[in-house]
Each structure stands twice: as C-alpha cells, then as structure tokens.
Amino acid sequence: MAEKSKLWYLENFNLFKGLNSEKLESLGKISKMKDFEKNQLIYFAHEPSSSIFFLKKGRVKLTRTSNDGKEMILGLVNPGEVFGEMSFLDEEERTDFAIAMEPTLICTINKDEFKKFVSENNDLNLRITKLIGLRIKKYTERIEELVFKDASQRIISFLIRLADDNGKQLGNDIFVKPFLKHQDIADLTACSRQTVNSVLTDLREKKIINFDRRKLIIHDKETLLEYIS
C-alpha cells in the first residue's frame, strides 16, 4: 500500500506527468517519502548538496541567516514544487536552510540517481532545465523589486504572485489558503511587520482584499496591478 501511495504521489507531480508505469516504478525505487513536523529543519546551509526534494503536502520556506543572526526568507515552496534543485547543477553544498512551515510530506531523491534517471528521459531533462530557468528568473525579479519598488509596491507584488501561484478563482474573487503571517510577508518583501500590517489594512478598508489568519481573498486584482504599474 505504501509503495502504491508513493507512485501515486510521483505520478501527480507535474514534472513527472506522462511517464509510463514502468518509468514511474523505476523512479519509485530511487525515491523516499518522509514526513516533517512544523518548524523541523529539512536541510541546512553548508551541508552536502546530495538530494533533490519534491514537496507533496505542506509548505516549506527557504531562508538564509545574516551575520547578525537575522533570518531572511528567500522563497516559499508549495505542494507540487521542487526545491534543492541546484544540486542537479552540481552545487556541492547548500547555501540556504529549508524549514517545514507546517506538517509536511516530501519525496527525496539522491541527485546522482536522479541525474541518471533524467539522462534516460529526454522530455524530463527539458522540463528540469526549464524549471531551473524559471526559478532563477523568479529570484532575479525579486532582486529587481527590492531595488526599484517601494515597500508598498513590494507587498502588493507579493500578493499578486501569491494569488497567481496558489489562488483559486471563485466568481470574481481569488482565494488563497492558507495565508501567511505578517512577519513572514515582511521577511519576504524586506519590509517591517508594521508596514505590512498598514498596507494590508489599507487594502482591506478599500475593499480590494480581505484576509484573516487562514485565508487571503482578492476582490479586485486589476486595481492591485494598477498600484505596481
């Protein structure tokens, strides 16, 4: 039963769509499923970069720590996404920390075994290359935001990305569940928690969004886009 569950999870990653049952079984043999508790460390900076991770359930944050001990969130990983993928490009050691934000289920694959598997499946090789390119593009866009946008625009840009990546359209509204703590948004946008609270409250008072601890609702995405154009 556990093996069947593993294959089901693998089959439902977009990256592995289209692989036949034989190839999925081969992939299953080199993969391991592991549960992580909330706030549990998945990997840490400077450890050998030996595995690639596929997130099935939960959420993961990727962070770095400054010399003065302050945590900076580099990005969030959602179900169906890959992280630790730089090991595929022969990264020798991790440069960040990966931490489970809630109870999480992850599929791990040794990078050498995965590279061998990918080399035997040309379509998968192209998908991995595209995925890494998109991830680098996202990081580049985030750096540009930090340089060229003010705090309010950075927060609004983050809300739009969150809706695009994880939102569900229901009528004219976009629902995102679960929402993030204000401090997490502050860390992701290089703002203070007070600034995040002020921007979100202002948008709620204008009935552009609504939110609580469990969800974000975007009522008027077009107006949000106008704020950052």
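**Salt bridges**

I began with K149, which forms a salt bridge with E145, the closest N and O atoms lying 4.0 Å apart; I count a salt bridge where a side-chain nitrogen of Lys or Arg comes within 4 Å of a carboxyl oxygen of Asp or Glu. The model I am reading is a predicted one, in which local features need pLDDT of at least 70 and side-chain atom pairs count only at pLDDT 80 or more, while totals for chains, interfaces and linings use all residues. Residues are numbered from 1 along each chain as its sequence is written, and side-chain values use heavy atoms, with hydrogens and water left out.

I then looked up the accessibility of the two partners, taking buried as under 20% relative accessible area, exposed as over 50% and partly exposed as in between, with a 1.4 Å probe and protein chains only. K149 has 24% relative accessibility and so counts as partly exposed, whereas E145 counts as buried because its value is 11%.

The structure holds 8 salt bridges, and among them I looked up R59 with E102, whose side chains meet at 3.3 Å, N to O. This pair links distant parts of the chain, 43 residues apart, with R59 in the loop between β3 (51–57) and β4 (60–65) and E102 in the loop between β7 (97–100) and β8 (104–110). For these element names I use DSSP runs numbered from the N terminus, helices being H or I of at least four residues and strands being E of at least two. R59 counts as buried at 10% relative accessibility, while E102, with a relative accessible area of 23%, is partly exposed.

I also recorded the salt bridge in which the side chains of K215 and D212 meet, at 2.8 Å from N to O; D212 is partly exposed, its relative accessible area being 28%.

**Helix packing**

Next I examined helix α3 (residues 111–119) against helix α4 (residues 122–148), which pack at an angle of about 120 degrees with their axes 6 Å apart. The axes are lines fitted to C-alpha atoms, for helices over the stretch in contact, and angles run from 0 to 180 degrees between N-to-C directions. That angle makes α3 oblique to α4, since under 35 degrees counts as roughly parallel, over 145 as roughly antiparallel, 65 to 115 as roughly perpendicular and the rest as oblique.

With contact meaning heavy atoms within 4.5 Å, I found F114, F117, V118 and S119 of α3 meeting N122, L124, N125 and I128 of α4.

**Backbone and cysteines**

A190, in the loop between α6 and α7 (193–205), is a residue other than glycine with a positive phi, near 55 degrees, and at 49% relative accessibility A190 counts as partly exposed. K207, likewise not a glycine, has a positive phi of about 60 degrees; K207 is found in the loop between α7 and β11 (209–211) and counts as exposed at 64%.

Last, I checked for disulfides, meaning a pair of cysteine sulfur atoms within 2.5 Å, and the count comes to 0. C107 is buried with a relative accessible area of 0%, and C191 also counts as buried, at 14%.
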